[in-house]
Amino acid sequence: MKAAVMREHGPPEVLRLEEVPVPQPGEGEVLLRVGAVGVSYHDVVERNGTYRSDMALPVILGYEIAGTVERLGERVQGVSVGDRVCCKVFHSCGRCRFCRNGMETACPERRAVHGGYAEYVAVPDEVLVRLPDEIDFAVGCMLGPTVGVALNAIRDTARVQLGETVLVSGASGGLGLPSVELARAAGAQVIALTRSGEKAAALQELGAHHVVVADGRDFSSDVLEITGGNGADVVIDNIGSRVFTPCFKSLAVGGRYVFVGQLTKEQISINPARIFFRRATLLGVGSVRSDQLASAVRLVRQGTVHPRVAMELPLAEVARAHALVEAGGQIGRIVLRP
Ligand SMILES: [Zn+2]
């Protein structure tokens, strides 16, 4: 089969199409024929080595996978040959105290899914969620790391209530777009924070009531003005340290600050008194559970969320896909069709 193999970290060109053997599904594993694989910014930092530079090479990247079950390994449960499926981000053991208490994403034995930049990939059956026929693979592949994680943040971690105000940072990114739609669907007033004004119209189309252009400045006065001086009840922070200070200043008294993403290695610094004077709650979101991914699939099927595919490219153009994601001009996912 053809696969984009990475033998060293570096620029997009280190991803080279090679002929490699089709993987054999082991016990509890399933061989998928890859229908589509998303290219995320996470893939970019894994490729250029700023993140997880201890990764064993050579490797086939790609964890946003949707496809068709081609073959079953031994002792596979819950899926059959021919099923259309999408994947969550991590495989977890299913037996530890975290897995048994609704925190499978914190499983100490969790292993990241990868290998999707290929015609076939072997994955554990535990990571799979059924994808109905109406949802295209190009949309299905990205659901776990985008809609699934956003649902974890908005519904299950922040527990956004009808009538609250939610500030979403990185609103035009992979996590931000579904966060805007889900917060709107939850009945909140949504303030979308984005780096450039060019994406404002698209964000309003998705349901943002207000768009604030961050542009490296202190935008908290804009948020306070929009909210009549109260600030946002919930901050869904998909960016992290780069916007933390103005985002925290935008938080209402008694608000919840939800950490979802961190794009750089920069630290944040805050006087603890600012947290207790604001009666703030700090919350961390980690990845997506199976049941959350299944909910994400239902929300897309019923038309509540509309994940955007910016562009579909053949596997041979994987380096171009990485260059485009790194440049960051598009709205929605760039997806490879192996
Ligand atoms: Zn576990």
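The second largest cavity holds about 30 Å³ of space. This comes from a predicted model. The structure has 2 cavities of 30 Å³ or more. The largest cavity takes up about 100 Å³. There is also a second largest pocket, with a volume of about 280 Å³.

**Second largest cavity**

- Lys88, Phe90, Ser92, Glu104, Thr105, Ser287 and Val288 form the lining of the second largest cavity.
- By class, this lining has 2 nonpolar, 3 polar and 2 charged residues.

**Largest cavity**

- The lining of the largest cavity consists of 14 residues. Gly174, Leu177, Pro178, Pro307 and Arg308 are the closest to the centre.
- Two elements give two or more residues each to this lining: helix H3 (144-157) and helix H4 (176-185).
- H4 gives the most, with 3 residues.
- The lining of the largest cavity splits into 7 nonpolar, 4 polar and 3 charged residues.
- Both domain 1 (2-142 + 307-337) and domain 2 (146-284) supply at least three residues to the lining of the largest cavity.

**Packing of H3 and H4**

- H3 and H4 make a right-handed crossing.

**Second largest pocket**

- The volume of the second largest pocket is about 280 Å³.
- Its lining has 15 residues, and His114, Gly115, Val121, Ala122 and Val123 are the closest to the pocket centre.
- Strand E7 (111-112) and strand E8 (120-124) are the elements that give two or more residues to the lining of this pocket.
- E8 provides the largest share of the lining, 5 residues.
- The lining of the second largest pocket divides into 10 nonpolar, 3 polar and 2 charged residues.

**Backbone features**

- Most residues other than glycine have a negative phi, and most peptide bonds are trans.
- The peptide bond from Leu57 to Pro58 is cis, and its omega is near -5°.
- Pro58 sits in the loop between helix H1 (41-48) and strand E4 (64-72).
- Asp215 is not a glycine, yet its phi is positive, at about 55°.
- Asp215 is found in the loop between strand E12 (210-213) and helix H6 (220-226).

Key:
Residues numbered from 1 in each chain as written. Predicted model: local features only at pLDDT ≥ 70, side-chain atom pairs only at ≥ 80, totals over all residues. Heavy atoms only, no water. 1 Å grid on protein atoms, 1.4 Å probe; cavity = no way out; pocket = protein on both sides within 12 Å on 5 of 7 lines; lining within 4 Å. Points joined across faces, edges and corners; volume = space filled by probe spheres on them. Helix = DSSP H or I, 4+ residues; strand = E, 2+ residues; numbered from the N terminus. Nonpolar A, V, L, I, M, F, W, Y, C, P; charged D, E, K, R; others polar. Domains from an automatic or database assignment. Left-handed = near helix turned anticlockwise from the far one by under 90°.
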